[in-house]
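Good morning, and thank you for coming. I shall take you through one structure, beginning with a single pair of residues.

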Amino acid sequence: MLRKLFYLVPVVAFCALAGYFALALRPDRDPHELPSVLIDKPGPEFALPSLNGGDRVTSDGLKGHVVVVNFFASWCVPCREEHPMLMRLAEKEHVPLYGISYKDNAEDSRRVLQLLGDPYRRIALDRDGRTGFDYGVYGVPETFVLDKNGRIRKRFVGPLAADTVQNELLPLLQELNKS
Amino acid sequence: MKPLVAALLLALAVAGTAFAVEPKERLADPVLEARARAISQGLRCLVCQNESIDESGADLAHDVRVLLRERMTAGDTDAQAIAYIVSRYGDFVLLQPPMKPATYALWFAPPLLLAGVAVGVGAAIRRRAATRAPAETPLDSAERARLARLMQESE
């Protein structure tokens, strides 16, 4: 009896491996996407100049509301791909979007927003990428959801896709706004 | 002439892949610079993901190299400087994964698997040796007689 079970070992091992591969090779899984170590931790502090003048944009200024912080740049091609989605979020869903212009010069950021429309409530200039580094940004666009206490609740790497927005971002915002 | 050009190009290519640290990034203090180089060889570039920041020409790798050197100039120990980077990007930036409960499977699975296979193969070899057919026995008289008869028939 035990011997017969022994012959099942390769079968079980094969199924385990095949199962793992099936999960790891899912077409919608991006192996380059990294989990953020900052999830559920207070968002890094910053006080950056504002793109459109006025007071500095600070991390403290974002507290008290559930906000979405989006790192973008005029030189970033996937940001353009994402841009219509940001416009929709701002106009249709009234999502409080804050932009951080990452390693870009103010003139170029301003021009691209004039061209495509500006979905952000306020825009901070992270000229040297220091704030991006504090947030663990490794490629724009990246989008962070901060709760009322300024904690990072979610990070999205790359352009926000329609199904991600529908299934993850909007439900999360709804839930955070309730509490 | 041609071999010379080829050798020169090869030398350049090798020099290019050896490190991506730009001259102006380097610290004046050679000891500090050596420490920074050693650390950056163990840190992953998150854009290319299979290169260290020491080898990578990516913009982000450059930024991290500069930040790392800033921390070290400010007096960070190696461990503090590494912790500073890890606190932002997570353990994934370490090319050598740290030893901790979450990574035990990673560290111990290969030797355990190897040991398991060695035990299995050893057992199989021992069993085969034990069941090998006994040495040949000479023919008895009845068999010899039958063999002689068969040989005669075939002639």
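In strand E6 of chain A, A:Thr143 is the bridge partner of A:Asn70. Strands here are DSSP runs of E, at least two residues, and helices are runs of H or I, at least four, numbered from the N terminus. The model is predicted: local features need pLDDT of at least 70, side-chain atom pairs count only at pLDDT 80 or more, and totals for chains, interfaces and linings use all residues. Residues are numbered from 1 along each chain as its sequence is written, while chains are lettered from A and ligands numbered from 1 in the order in which they are written.

Strand E3 (residues 67-72) of chain A runs antiparallel to E6(A), joined by 5 bridges; two strands pair if DSSP finds at least two bridges between them. E6(A) also pairs with E7 (residues 152-157) of chain A, again antiparallel, over 5 bridges. In that hairpin, A:Gly150 takes a positive phi near 80°.

Is E6(A) mostly covered or uncovered? Mostly covered: 5 of its 5 residues are buried, meaning that 20 or more other C-beta atoms, placed from the backbone, lie within 10 Å of a residue's own. A:Glu142, A:Phe144 and A:Leu146 lie on one side, A:Thr143 and A:Val145 on the other. In a regular strand, side chains alternate between the two faces of the sheet.

Turning to chain B, the buried residues of helix H3(B) include B:Leu60, B:Val64 and B:Met72. Just after H3(B), B:Gly75 takes a positive phi of about 105°.

Conventions
A residue is buried if 20 or more other C-beta atoms lie within 10 Å of its own, exposed if 12 or fewer, and partly exposed in between; C-beta atoms are placed from the backbone.
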